[in-house]
Amino acid sequence: MCIRQLLNWICAVTMTVTCCAAQAKSIDYGAFEQLFNEPITTSITGTPQRASEVPATMVIITAEDIRRSGANDIPGVLRHVAGVDVLQWANDDADVSIRGYNQAYSPRLLVLIDGRQVYADFYGYTPWSTLPVELGEIRQIEVIKGPNCALFGFNAVGGVINIITYNPIYDEVNTAALIGGTQELKQGSIIATKTIKDKAGFRIAAGARGNNDFSTPQLPNAIGSRKGDNRAEINALARIHFTDKIEGAFEATRSKAAQTEIVPTYQEGYSEYWTKSLKGSLSAETLFGTIKGTVYRNDIYSPAFLTVFTTPFLKLNNQVTVGILEDFFQVGSNNIFRVAGEYRHNMMPTTALEAFVFYNVASADGMWNWKITPTLALTNALRLDRLTLGREGPQPVGSGLTNADWNNRSLLEKSFNSALVWQANALNTFRLMVARGVQVPNLVNFGGFIHPIPPFGFSGGIPTLNPTIVMNYEAGWDRQLTVIDASTRVSVFHETSHDLVSLKGGSLFPTSQIATPANIGSSQATGLELSIKGIFLKYWRWGASYTPMVIHDNFTQPFQQILTDYEDTQPVNVVNANLGWARGPWEIDGYLRYESNFFSIQNDVPPNFNQAILLRINNYISVDARIAYKITKDVTLALSGQNLTQSTQQQTAAPNVERRVLCTLTIKLS
């Protein structure tokens, strides 16, 4: 009797559950874009949605936007987006954040390529030059603002950059591009796709770049760090429909980069990076929804990290292995669910000793998208992460620590996202959102960094740090202005961050002269985003945004001791504007960005080296532009530039940026 009741219950549930909240076959973005007449996303709920409908504040940068930006890298594209902050430290070195809190090796932004995290966990940041992707293979870049850890995983406390490449089953992209320009830039890329219609698709892409850094004056102790910047990458992707209900995807990447950069101590150095990754996924439509399993491994190795002059200062090696099992299913017509489990192993050998530190994370998360009425939807997501820290190998003499201090440490943290979206009518959409995000200390701060400093002892990370907790409260309004063929967005948010982590600020013993990482206090931010964009007279497109933001820090120590200051290093007022025209074979676009006065941290200031100051950066306007002519239907020639109005310009405490001019030849291959 019990067995019969169980079978009846299973049958009832099976009849209630409809099979495809998210199909096993990957989404044909192009088909949905034609249907909706605008870009779509599946990142939040697993089902196709307009950006204006998602339960998050999202901007979608399309492939056309990328092309018409005139940029030759991803930070160059992002610098035109409202609410995105880009610190251009050197020619190939930039740090990106969303809604402030930007710094050297910015840790608050989670970056993904087709669902694979490319966050460098050893120092907790994104080295953009190492990303194994070419601009020509990107279908869209999704900029998701505010904490989204419950949806994407920890460290997404400022926001998420989700890079979506073309699907080789549906999109045959075959192009080559050659770029030359100032700073002796030489860059090229090639993308080749083979599609077996509705059955399989294969793509391989490769690119390389070489150039000099800016030639503007450096601090005396940094002279010798400019050795020439270079980058090379190759990636291969295969998607296969094994049956109508089962799809597999396999990906392999390699990249190498070397560049002048500003490091977390705000000193100028030269670093090399080698990366590789392998990823496989399998999804299937079942009676209980779409079940998907994903496994990937990321390796990043720096044989000469933070190199100044010719002596390697550090060598770092980081391996991350991730396994995810998730199920998307729909109950009735108004409820979409996602349940998932994830396991992550993150490890790095310590510097200067034959030891290594690691952490294992077991996670469980769920998402429920409930369409309460045809115009009102509530989305809730909850994630639990249990992190277990560990260490093996010898300890530095006199540290006072044992491996048990690591092996006995564990953390259990929760993150959540909740959003109410009301489509009042065809013209107005309102959002109310609240979120809690978790930022985990990086492996260097957890002890992966050990640096001898005779005769004092050593400098290194510690196992006792607490994660940073970020709470965000937000309201938004999207409005369509049909009279002028435009759309507007208003968002207001208040955010608090507790237990912020600094690379310096603590010590192992009260009398120690050697600094360790520390939790340094809290901070809060309040901001507003006003934006408008539209099309007029058929051939013109335009946009403008104003994003004022105020940060207040409550730290236990002055910035000279912790090398951290958010309230002074964030411009209060930022304005972006763009204007573009396209007709026939011609395209012309211009971009303007204004930033009000702020300060930038500068370290090793002569004549007193190893001391930090706040250097005032006066308000400035930077102008980018692009003009392109389509010679034939398959060949386009473009001239573009950044910071065009001045030959040099002070934008940070690093050496002034220079005007950059690029010439790009793009060829569509048959």
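This is a predicted model: local features need pLDDT of at least 70, side-chain atom pairs count only at pLDDT 80 or more; totals for chains, interfaces and linings use all residues.

Modeller: Residues are numbered from 1 along each chain as its sequence is written, and side-chain values use heavy atoms, with hydrogens and water left out.

Biologist: Is serine 600 buried or exposed?
Modeller: Serine 600 lies in strand S33 (residues 598-602); strands (E, at least two residues) and helices (H or I, at least four) are DSSP runs, numbered from the N terminus. Buried means under 20% relative accessible area, exposed over 50%, and partly exposed in between, with a 1.4 Å probe and protein chains only. Serine 600 has 5% relative accessibility, so the residue counts as buried.

Biologist: Which backbone nitrogen does the side chain of serine 600 reach?
Modeller: Contact means heavy atoms within 4.5 Å, and, leaving aside neighbours within four places in sequence, serine 600 has contacts that include Trp89, Thr652 and Ala653. A polar contact is a pair of N or O atoms within 3.5 Å; within protein, one must be able to donate a hydrogen and the other to accept it, and residues adjacent in sequence count only if both atoms are side-chain atoms. At 3.0 Å, the side chain of serine 600 reaches the backbone nitrogen of alanine 653.

Biologist: Which strands are the edges of the open sheet of five strands?
Modeller: Two strands pair if DSSP finds at least two bridges between them. The order in this sheet is S4-S9-S10-S7-S8, with mixed pairing. Strands that pair on one side only are the edges, here S4 (57-62) and S8 (116-117).

Biologist: Which residue in S10 stands opposite isoleucine 113?
Modeller: Strand S7 (residues 109-113) and strand S10 (residues 159-165) run parallel and are joined by five bridges. The residue opposite isoleucine 113 is isoleucine 163.

Biologist: What angle does helix H2 make with S9?
Modeller: Axes are lines fitted to C-alpha atoms, for helices over the stretch in contact, and angles run from 0 to 180 degrees between N-to-C directions. Helix H2 (residues 29-36) packs on the sheet and touches S9 (138-145) and S10; its direction makes an angle with that of S9 of about 70°.

Biologist: Which residue in the turn between S12 and S13 has a positive phi?
Modeller: Strand S13 (residues 200-211) runs antiparallel to S12, with eleven bridges; in one of them threonine 193 has arginine 203 as its partner. The two strands form a hairpin with three residues between them, and the positive phi, about 60°, belongs to aspartate 198.

Biologist: What kind of ring pair do tyrosine 105 and tyrosine 123 form?
Modeller: Rings of Phe, Tyr and Trp (its six-membered ring) pair if their centres lie within 6.5 Å; planes under 30 degrees apart count as stacked, over 60 as edge-to-face and the rest as tilted. The whole structure has 16 aromatic pairs. For tyrosine 105 and tyrosine 123 the centres are 5.4 Å apart and the planes are at 80°, so the pair is edge-to-face.

Biologist: And what kind of pair do phenylalanine 430 and tryptophan 477 form?
Modeller: Phenylalanine 430 is partly exposed at 30% relative accessible area, and tryptophan 477 is partly exposed at 36%. Their ring centres are 5.9 Å apart and their planes are at 5°, so the pair is stacked.

Biologist: Over which ring does the charged end of arginine 99 sit?
Modeller: A charge sits over a ring if NZ of Lys or CZ of Arg is within 6 Å of the ring centre and within 35 degrees of the ring normal. The charged end of arginine 99 is 4.2 Å from the centre of a ring, that of phenylalanine 493.

Biologist: With which side chain does that of asparagine 102 make a polar contact?
Modeller: Asparagine 102 lies in the loop between S6 and S7 and is buried at 9% relative accessibility. Its side chain reaches the backbone oxygen of aspartate 95 at 3.0 Å. The side-chain partner, at 3.3 Å, is serine 106.

Biologist: How far apart in space are valine 397 and isoleucine 627?
Modeller: Valine 397 is in the loop between strand S21 (376-392) and helix H6 (404-407) and is exposed, with a relative accessible area of 84%. Valine 397 and isoleucine 627 are 230 residues apart in sequence; in space, C-alpha to C-alpha, the distance is 62 Å.
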